[in-house]
Amino acid sequence: MGNPKAFLTVPRQDAGYRPVHERICDFTEVEQTLNERERRNQASRCMDCGVPFCHWACPLGNKQPEWQDAVYKGDWKYAYRLLTATNDFPEFTGRICPALCEKSCVLNHCIDAPVTIRENECAIIEKAFSEGFVQPSSYERNGKSVAIIGGGPSGLSAAVRLNCLGYEVTVYDRMPKAGGLVRYGIPNFKLDKFIIDRRIKFMEDEGIHFKTGVEIEPGTLPEGYDAYVVATGTPVARDLNIPGRELKGIYFALQMLSQQNRILEGETFPAEELVNAAGKKVLVIGGGDTGSDCIGTCHRHGCTSVTQIEIMPKPPVGHNPATPWPAWPQILKTTTSHEEGCIRRWCLTSNKFLDDGKGNVKGVEVETVEWLPAVEGARPQMKLTGKKEVIECDMVLLAMGFLKPVQPEYSENVFFAGDAASGASLVVRAIASGRDTAKKVDAYLKSK
């Protein structure tokens, strides 16, 4: 620990974001960076706690105190080695992880100013790429092969770990390029896709094979492999089956997000298939990160307005006594997309979509709800109040999460990873699941 008192003298400094008037005109990443001196200062704030809760909270078990100290001392190569020992894709998590580690940082509990762990993580991997620390390795093959079905974070992580163990690994993906929701669900203004391309190229250089644009039907796996990892995510979005659902102008969030990312990759779509918010009043139903991504994308399309509604109550700002640490803090989250302009409302349920007389949506009838306290361990109960109103809109985006997939029966050499196993979760948990699944595959094949 290079500077045991830095947390007393060095305030937390976030990198910040590009100005709103500038960033809504393009899909370039909104987050800025600190220079190396400032970054090392931020790393010095880590106190090397006796019990590092950041390490405990991270699904990957990242050794944050160790690589923070390495960054502070300017030993970026050692920091890179420590970081990648536990995290296969720090360039992903360093941009889009909600940073469970920071919520557990002792400085967060003491002074509401945790170490900038996520930003420091991103700085390490970008420094590693720029300085040439990231070099492909070759691994002695053990004569066995594994197929990964799905090229999202969990599948890619399993592929990396199994490749290092000597297996011949082939990743199958139904989309034109691998990456899963990281590529096709997360907007470029949060994670530019050259970051994924760079990582895929590195994986190929290490001997991992990719077969994209290949649809694998459930229950039918490609032949010729000793084991399989099914990492197909949660492909089915939660729908809102209320009157008027068939009207034009109502879309799942990923219909727009995925299409926009594919357009930025150079794909084209017929005019009648475009999901574009230009000149439209948009209603986003769902208050999570996917809904937030829709808001930012609509602004970049040139929408007239965006309203986001959520069925749950508005969470408190800053602190929530109902969710004390180590629980995840249920507090109001304001993203960069919200800052770009959005009406946000809570405790609203949707009753029906309204027709403009030509088969297009023109609004949604919503109703205020009340939430009754939970009794004897049960869930809180929702109560309709009868207070109804109409929110005018000519585009609706459904961002209400995804359904946990029901998997067919497979033989004992088939393993599940990521969202395909657990249901929708965080990218960092998907990476951890892929890594852990690789261990199970290895143990299974060695037992045979």
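Predicted model: local features only at pLDDT ≥ 70, side-chain atom pairs only at ≥ 80, totals over all residues.
User: Thanks! And how many residues does α14 have?

Analyst: Helix α14 has 12, covering residues 253-264. From its first C-alpha to its last it reaches 17 Å, close to the 16 Å expected; that expected span is 1.5 Å times one less than the number of residues. Helices (H or I, at least four residues) and strands (E, at least two) are DSSP runs here, numbered from the N terminus.

User: Which residues of α14 are buried?

Analyst: Ala253, Met256, Leu257, Ser258, Gln259, Gln260 and Asn261. Buried means under 20% relative accessible area, exposed means over 50%, and partly exposed is in between (1.4 Å probe, protein chains only). Among the elements covering those residues are α12, β5, α15 and β12.

User: Let's take Gln259. Why does it count as buried?

Analyst: Because its relative accessible area is 9%. Leaving aside neighbours within four places in sequence, Gln259 is in contact (heavy atoms within 4.5 Å) with Leu254, Phe269, Glu273, Leu274 and Val275.

User: Now α5. How many of its residues are buried?

Analyst: Seven of the nine, so to speak a mostly covered helix, spanning residues 64-72. Trp67 and Val71 are among the buried ones. The buried residues of α5 pack against α3, α4, α6, α8 and α10. After α5 comes Gly74, where phi is positive too, near 85°.

User: What about Lys127 and Glu131, how do their side chains meet?

Analyst: In a salt bridge, 3.5 Å from N to O. The term means a side-chain nitrogen of Lys or Arg within 4 Å of a carboxyl oxygen of Asp or Glu. Because the two are four residues apart in helix α10, about one helical turn separates Lys127 and Glu131. In general, an α-helix has 3.6 residues a turn, so residues three or four places apart point the same way. Lys127 is buried at 18%, whereas Glu131 is partly exposed at 45%.

User: Which residue pairs up with Glu265?

Analyst: Lys177 does, with the closest N and O atoms 2.9 Å apart. That pair links distant parts of the chain, 88 residues apart: Glu265 is in the loop between α14 and β6, and Lys177 is in the loop between β2 and α12. Glu265 is partly exposed at 27%, and Lys177 is partly exposed at 34%.

User: How many salt bridges does a search of the whole structure find?

Analyst: The search finds 31.

User: Switching to cores. In the largest nonpolar core, which residues touch the most other members?

Analyst: Val146, Ile148, Leu162 and Met203, out of 38 residues. A nonpolar core is a set of buried Ala, Val, Leu, Ile, Met, Phe, Trp, Tyr and Cys residues joined through side-chain atoms within 4.5 Å. Elements that each supply at least two residues of this core include β1, α11 and β2. The largest share, seven residues, comes from α18. There is also a second, separate core of 25 residues, which includes Trp67, Ala79, Leu83 and Val134.

User: Last one, the surface. Which residues make the nonpolar patch of about 320 Å²?

Analyst: Ile311, Met312, Met382 and Leu384. Patches are made of residues with over 30% relative accessible area and no salt bridge; like charges are joined within 9 Å, and nonpolar side chains (Val, Leu, Ile, Met, Phe, Trp, Tyr) within 5 Å. Accessible areas come from the Shrake-Rupley method with a 1.4 Å probe, and for residues only the protein chains shown count as cover. Met312 lies in the loop between β7 and α16, and it is partly exposed, with a relative accessible area of 38%.

Note on methods: Residues numbered from 1 in each chain as written. Heavy atoms only, no water.
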